[in-house]
Amino acid sequence: MADLKPEELIARTDFTPPRTGWMDTPTVIREGMFCYAAKPKSVATLGLPYPREWNPLDDDWKLPENWKEIIIEGMKDRLERFRTFKIFMDICVRCGACADKCHFFIGTGDPKNMPVVRAELLRSVYRNEFTKAGKILGKIAGARELTLDVLKEWWYYFFQCSECRRCSVFCPYGIDTAEITMMGRELLNLLGLNIDWIATPVANCYMTGNHMGIQPQAFVDMLDFFADEIEDTTGVRVHPTYNKKGADILFTTPSGDVFGDPGTYTAMGYMILFHYLKVKYGLDVTWSTFNSEGGNFGLFTSNEVMKRLNIKMYAEAKRLGVKWILGGECGHMWRAITQYMDTMNGPADFLEEPVNPITGTKFENAKSTKMVHIVEFTADLIKHNKLELDPSRNDNLKVTFHDSCNPARGMGMLDEPRYVIKKVCKHFYEMPRNCIREQTFCCGSGSGLNASEDMELRLSGGLPRANAVKYVQEKHGVNMLACICAIDRAVLPPLMGYWVPEVDVTGIHELVTNALIIPGEKEKTVNLRGEDILNKDEVGPEEYYTRPDFSGR
Amino acid sequence: MNEKYLYSLIAVIALFLVAYAGVEAAGLQWLFGIIIPYLAIITFIVGFVVRVKDWACSPVPFAIPTTCGQQESLPWIKPSKIDNPFSTGGVIIRMALEILLFRSLFRNTTCKINEGPRISYVWEKWLWLFSLAFHYSFLVVVVRHLRFFLEHVPVCFQILDKIDGFLQIGLPGVMLSGVVLLAAAIFLLLRRILISQVRYFSLAADFFPLFLIIGIAVSGIMMRYFTKVDIVGVKELTMGIVTFRPHIPDGIGAIFYVHVFFVSVLLAYFPFSKLMHLGGVFLSPTRNLRCNTRAHRHINPWNPKVKVHTYAEYEDDFREKMIGAGLPVEKEL
């Protein structure tokens, strides 16, 4: 992939659909566009059906003999259990409003990536098996037989959808392709047809508490290492607590931020913030090694698997006897928390309705799940002047904000992150309106597609986002893309590197703690990344540090 | 010529010939004027009710509304009460705007990749505009036709007629709704035929109702303005149908039976087709649920029991390492 230049990639994208109809255009599974098959060990860990070695490029997928029966039964079962599935199969009029809303369609030009066609892949089989018109009229009614090629096509395209829900914003009936993809993936999982980038994190999370498979002692080591780093740049030693019974708040966040840059700086940000709140206000926040994952790749497998992973959050909060749970910056984690958690594993009546003990603010909107988003929490602290901030420490940054799909369209957290950014950075610029807020574009790697083998898919799908960043880079000199999602922090750097070099990626709490004046900190010259924190163009270091308003003093 | 719309066009032409020949050659007025309409109405009502009931009775395991605006959170952040409705009132307004004004479709954009590459998104109002025109003119046409089924025409219908015919062109005066309906249906059809992307995913089932509705509009317009059917006879027939004393008056032209046959086919086809979006739009769980899932627990009627990996099992797996790292444990070694 890396050998294909951006101009070459874009030149290949052709929006003219093939002359043959989509049912008559065979799908070719192409390298760079798919993720490797699930390893049998990971599938077996969860006790999911048909663990085996198989390869998407092989003709033989080693399916069970009665695979067709399993799928049709699975469809029937889901049609009875989900109104969404039934309605979304029945009422689409194929108006096409969704067609060019999909980042994968825009980036690849592949007409089967139009949300309407993605859904038709499944609908055609639904009509054939479950509707009279389909049974009688067949192809004229848009019905087709479920064949091995159809199954392979499902697999290819349901793992080319990041469940971002952008199309559902535009659909006049609210048809949600994420829901259709989720159904499609549940069906594929009945045959053991998951991808490894989902199956292995799921197995890891199930056994060790997080997607990365970080064992408890290693988790502590990693955070200790961050504490060293923090001490180097700020002169302050932070002391995170783990699995602490009787703490006020349990904190849970994606393990991705503990694992790789630049998410690690966001993790350091959390640690600094908790230290600050402990020292200033006596707030006791604990991390958990058992519940060391906020994300939930079960969401990309099946609702049952999602439930099996999610249940740890409440279980651990109950065991530790905390008041409520604080959740870190993560995208699909918040979809799971907002729209599934309470239904699946609630009611969490052993927790208290969340109140910020420092400001007294009641988080009324979270009174049932008892989970507060850290950006809501921080916004509340800033609003009540509980954080001492020096935004000039972020003067070297010109920031724009990428709304992550799930907090935007599965939650509606749009203004809180903007409020926080504007309070800690002086230079903030919005991307164009059609690319942010509820119309935001996916990073191109969501829903478990953030592997390395599908890099071409990721870079193509990320084009609309990257292009909007490029626009503000050219117009305002933006050099930092802020986001509130761990997958974003892992995948946007290579995306930016490819399409918009010289734009870096950050979590919001890295920006917050860059600006935060920590009691006892040394004179700060560099940020958490070890970069100079002053804007060299505007003022020299001498002048900067002798300024009367220099707050690092 | 694309087979998908060819099939649909042929089907509608065949329907026309069946009705025309049936009446003109075979004299089957009673079949096309009474029996088929009755069957069609029954099919429509029963089919529609069964379908909607089936949807309505299906469980909604999870509340998954698409949030299209700012959530209700901190008191000083202004929530989007309609696009991210926390309350039932907000949901009602959201649904009303969706159903009456096609709010989501109003957001439609088209995307273009320009040199650079530079991607642009332009507000695409035509689909929204013509869809709205199509549905509302259809509604007005349907309401206007109620005069055929009522002994006395209520005042509101007379006013509607006046508004509809305000242009006062021609004799009988041109009714705007019929013209708009035909124009909008043709727009929607041409869009499907001419835009290659839309043509790509359109099915015969998308062309058929459009051709049929165009057939209904054309036959209706023919009757009103050109061939002039015996309107008194028509009213006698329609009143016979609604009062369950059906009979066939003499002298109604075949074009009328063609019109009625098209409508009958549309009604009978309705519950088995995508036209059921009329009922489904009310039940779409991404639009008709409150976005308050963190404040109020949504119940899944079939919430499954699942196997979990407990903390105790986890500690058993890692106890030694946890103690080594100074982590508290429930059970010592």
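# Working through a two-chain model

Pro347(A) sits in the loop between α16 (332-345) and β5 of chain A; helices (H or I, at least four residues) and strands (E, at least two) are DSSP runs, numbered from the N terminus. This is a predicted model, where local features need pLDDT of at least 70 and side-chain atom pairs count only at pLDDT 80 or more, while totals for chains, interfaces and linings use all residues. Residues are numbered from 1 along each chain as its sequence is written, chains are lettered from A and ligands numbered from 1 in the order in which they are written, and side-chain values use heavy atoms, with hydrogens and water left out.

**Exercise 1.** Work out the strand order in the sheets of chain A, counting two strands as paired if DSSP finds at least two bridges between them.

*Solution.* 
- One open sheet has 5 strands, ordered β1-β3-β2-β4-β5 (chain A), with parallel pairing. Its edge strands are β1 (241-242) and β5 (371-373) of chain A, each pairing on one side only.
- Zoom in on β1(A): 2 bridges link this strand to β3 (residues 285-287) of chain A, and Thr241(A) has Thr286(A) as its bridge partner.
- Helix α17 (residues 374-383) of chain A lies across β2 (249-252), β4 (324-327) and β5 of chain A, at about 70 degrees to β5(A). Axes here are lines fitted to C-alpha atoms, for helices over the stretch in contact, and angles run from 0 to 180 degrees between N-to-C directions; contact means heavy atoms within 4.5 Å.
- Another open sheet has 3 parallel strands in the order β6-β7-β8 (chain A). β6 (399-402) and β8 (504-507) of chain A each have a single partner strand, so one side of each lacks a neighbour in the sheet.
- β6(A) and β7 (residues 480-483) of chain A share 4 bridges, with His402(A) opposite Cys483(A).
- Finish with helix α22 (residues 486-499) of chain A, which packs on the sheet, touching β6, β7 and β8 of chain A, its direction making about 165 degrees with that of β8(A).

**Exercise 2.** Describe the interface between chain B and chain A.

*Solution.* 
- Count residues: 89 from chain B and 118 from chain A take part.
- Get the area: about 8,900 Å² is buried, 60% of that from carbon and sulfur atoms. Buried area is the accessible area (1.4 Å probe) that two parts lose on being put together, summed over both.
- Tyr200(B), Phe201(B) and Arg294(B) lose the most area in chain B, together 11% of what that side buries.
- Salt bridges (a side-chain nitrogen of Lys or Arg within 4 Å of a carboxyl oxygen of Asp or Glu) number 8 across the interface. One of them joins Arg118(B) to Glu474(A), the closest N and O atoms being 3.7 Å apart.
- Trace Arg118(B) back: in β2(B), this residue stands opposite Asn114(B). β1(B) and β2(B) form a hairpin with 3 residues between them, and Gly116(B) in the turn has a positive phi of about 135 degrees.

Conventions:
Two strands pair if DSSP finds at least two bridges between them.
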